[in-house]
Amino acid sequence: MGTALELETRIKGVMAEVLDLDPGVIDDNFSRHEASSWDSLSHLRLVTALEEAFGVKLTMKDVEEMSRYGVIRERIAGRLQG
């Protein structure tokens with residue numbers, strides 16, 4: 001994949017595009033509660049966009065627990081490592 005910084009930049013880019021946000025507002029603690037655009041439908045769009053962007057398949061447990069950026073980054077990184 002590349003460096004951790006490249007991974008973070010790509011994830012933030014996908015999140016920003018799907019949620020219509022400035023990627024600069026996304027930090028480790030950024031969560032669903034901080035973005036009015038992050039509702040259940042946009043969450044599913046986000047999951048789909050992340051799976052497509054990184055060529056990974058997320059589990060239902062992953063999807064349920066991905067309510068903040070830090071968790072999303074961990075799950076994507078984990079799937080990319082195998």
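Me: Which residues in helix 1 meet helix 4?

Reply: Contact means heavy atoms within 4.5 Å. Here Leu7, Glu8, Ile11, Lys12 and Met15 in helix 1 meet Tyr69, Ile72, Arg73, Ile76, Ala77 and Leu80 in helix 4. The residues of this contact divide into 8 nonpolar, no polar and 3 charged. This is a predicted model, where local features need pLDDT of at least 70, side-chain atom pairs count only at pLDDT 80 or more, and totals for chains, interfaces and linings use all residues. Residues are numbered from 1 along each chain as its sequence is written, and side-chain values use heavy atoms, with hydrogens and water left out.

Me: At what angle do helix 1 and helix 4 pack?

Reply: Angles run from 0 to 180 degrees between N-to-C directions. Helix 1 (residues 4-19) and helix 4 (residues 69-81) pack at about 120 degrees, their axes 11 Å apart. They are therefore oblique to each other (under 35 degrees is roughly parallel, over 145 roughly antiparallel, 65 to 115 roughly perpendicular, the rest oblique).

Me: Is Asp62 buried or exposed?

Reply: Asp62 is buried, with a relative accessible area of 4% (buried is under 20%, exposed over 50%, partly exposed in between, with a 1.4 Å probe and protein chains only). Asp62 touches Arg75 and Arg79, not counting residues up to four places away in sequence.

Methods. Helix = DSSP H or I, 4+ residues; strand = E, 2+ residues; numbered from the N terminus. Nonpolar A, V, L, I, M, F, W, Y, C, P; charged D, E, K, R; others polar.
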